[in-house]
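Okay, thanks for coming, everyone. Let me put the structure up, and then we can walk through a few spots together.

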Amino acid sequence: MIQINENYSKLASSYLFSTIAQKVSEYTAKNPNAAIIRLGIGDVTLPLSPACLEAFHAGVSELGDEKTFRGYGPEQGYDFLRQDIARNDFLSRGAGIEASDIFVSDGAKCDTGNFQELFARDIKIAVPDPVYPVYVDTNVMAGRTGPFTQDRYEGLIYLDSTEENGFVPRPPKEKADLIYLCFPNNPTGAVATRKQLAEWVDYARSSKALILFDAAYEAFIRDPEIPRSIYEIPGSKEVAVEFRSFSKTAGFTGVRCAFLVIPKECTAFDKAGKAVPLRDLWNRRHTTKFNGVSYPVQKAAAAIYTPEGKKQTREIIDYYLGNAKIIREKLTSLGFTCTGGDNSPYIWVKTGKDSWEFFDMLLSKAQIVTTPGSGFGRCGAGYIRISAFNNREKVTEAMERIAKIM
Ligand code: MLT
């Protein structure tokens, strides 16, 4: 008898963004003329920058000519892209990351979801609450939790991110082995200071733990004091891996390209306590299960690091940050307490009501899609997340509609 992985039956419900998409399609089926404005899932709307597009086309053309055609590429990514990443994203900020520490992939969602495969089943896991659901769900699937009761999975350490701690949790008293951190944060939009990250690095070093640092939104940081990479913190290379993505940085949500950084110094331990380099372990996993990102996509990604690419990418991000400012200012003027939106594309709004009720109210009365905070965890109850990824006219109109119904 073929048996299922019973851990899947522990999963609370469908994936958050699928549930929202389902609700929105039910609403549009009943209201076919509704002019919906989508500020829910963080999906970009601006087209690729001219620099990326040109490189993308050139990459495709090379594949159409026998002289320049390429088949399988290196699973870890082409060296030209890995070198660009190391030089521009890390060395330029004083973080000594080498091209060989970088693994190019098709998305940070897959990387953050898959990375837990490298670890034993009985490790102790700490996740922020609210949290990007992928970190939790993939560990549930892997059997690292008990059942879901009272909005939480048994066996996980939840790091409450609340108004009181500025949505930046401190290390717990208990000993965690694997810690998920995300800054700028999805969903709260909060950023962590150097001091706050240093405290986490100290914790990981002293408890031989590992930090999985999701920096998918680092390009939105405008405050020069805020670190953009965990590797700006001394001592972090031994205890942290970092996830990055071109999705929100350069409009690649549909193109698919991201990367994972595993410094050669970074280790976990075998049963006997012997240190094992994680880079080697991931390389073994990656070469077995992944055949690389397509050549034209990597060419397009590398174009982000050219002088024109940098300028155009910054303009795109500034545009979304402009939207975020409009959202934050309008909601604040309407009396809501908001976080995020200054160094992040997400605005976390305290609604004073049940999150799903508020979501339904915005959908039915203003035809605006947001994301209910409680979908990210117990501490998200009473909040909604508004995404700044849309065009300026729609964002402005959405704010007018909200003002009208409030
Ligand atoms: C979000 O809206 O949280 C993100 O778009 C999800 C993702 O990047 O997978």
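Let's start with Leu363, which is buried, at 4% relative accessibility. One thing to keep in mind throughout: this is a predicted model. Leu363 belongs to helix H11, which runs over residues 355-366. So what does Leu363 touch, leaving out residues up to four places away in sequence? The list is Lys23, Tyr27, Ile36, Ile368 and Val369.

Okay, on to helix packing. Two packed helices are described by the angle between their axes and the distance between the axes. For helix H10 (residues 307-333) and helix H12 (residues 392-405), the angle is about 5 degrees and the axes are 10 Å apart. Roughly parallel or roughly antiparallel? With angles under 35 degrees counting as roughly parallel, H10 is roughly parallel to H12.

Who actually meets whom there? From H10 we have Tyr319, Gly322, Asn323, Ile326, Ile327, Lys330 and Leu331, and on the H12 side they meet Arg392, Val395, Thr396, Met399, Ile402 and Ala403. Sort that contact by class and you get 8 nonpolar residues, 3 polar and 2 charged.

Now the charges. How many salt bridges does the structure hold? The count is 27. I'll pick out a few.

Glu163 and Lys350 join their side chains in a salt bridge, 2.7 Å from N to O. This pair connects distant parts of the chain, 187 residues apart: Glu163 sits in the loop between strand E6 (157-160) and strand E7 (178-182), while Lys350 is in strand E14 (residues 346-350). Both ends are partly exposed, with Glu163 at 36% relative accessibility and Lys350 at 35%.

Then there's Glu232 with Arg194, a salt bridge whose closest N and O atoms are 3.4 Å apart. Glu232 is in the loop between strand E8 (210-214) and strand E9 (240-245), and Arg194 is in helix H6 (residues 194-206), so this pair ties together parts that are 38 residues apart in sequence. Here the two ends fall into separate classes: Glu232 is buried, at 13% relative accessible area, whereas Arg194 is partly exposed, at 35%.

Buried or exposed, for Glu242? Buried, at 0% relative accessibility, and Arg244 is buried as well, at 2%. Glu242 and Arg244 also belong to a network of salt bridges that takes in Asp89, Glu218 and Arg228.

Last topic, the cysteines. A disulfide is a covalent bond between the sulfur atoms of two cysteines. How many disulfides turn up in a search of the whole structure? The search finds 0. Why is Cys52 in no disulfide? The cut-off is 2.5 Å between sulfur atoms, and the nearest cysteine sulfur to that of Cys52, belonging to Cys257, is 10 Å away. Cys52 itself is buried, at 0% relative accessible area. Cys110 is in no disulfide either, and its nearest cysteine sulfur, again that of Cys257, is 11 Å away. Cys110 counts as partly exposed, at 29% relative accessibility.

That's my tour, so over to you for questions.

Technical notes
Residues numbered from 1 in each chain as written. Predicted model: local features only at pLDDT ≥ 70, side-chain atom pairs only at ≥ 80, totals over all residues. Heavy atoms only, no water. Buried < 20%, exposed > 50% of the residue type's maximum accessible area, 1.4 Å probe, protein only. Salt bridge = Lys/Arg side-chain N within 4 Å of Asp/Glu carboxyl O. Helix = DSSP H or I, 4+ residues; strand = E, 2+ residues; numbered from the N terminus. Contact = heavy atoms within 4.5 Å. Axes fitted to C-alpha atoms, helices over the stretch in contact; angles between N-to-C directions. Parallel < 35°, antiparallel > 145°, perpendicular 65-115°, else oblique. Nonpolar A, V, L, I, M, F, W, Y, C, P; charged D, E, K, R; others polar.
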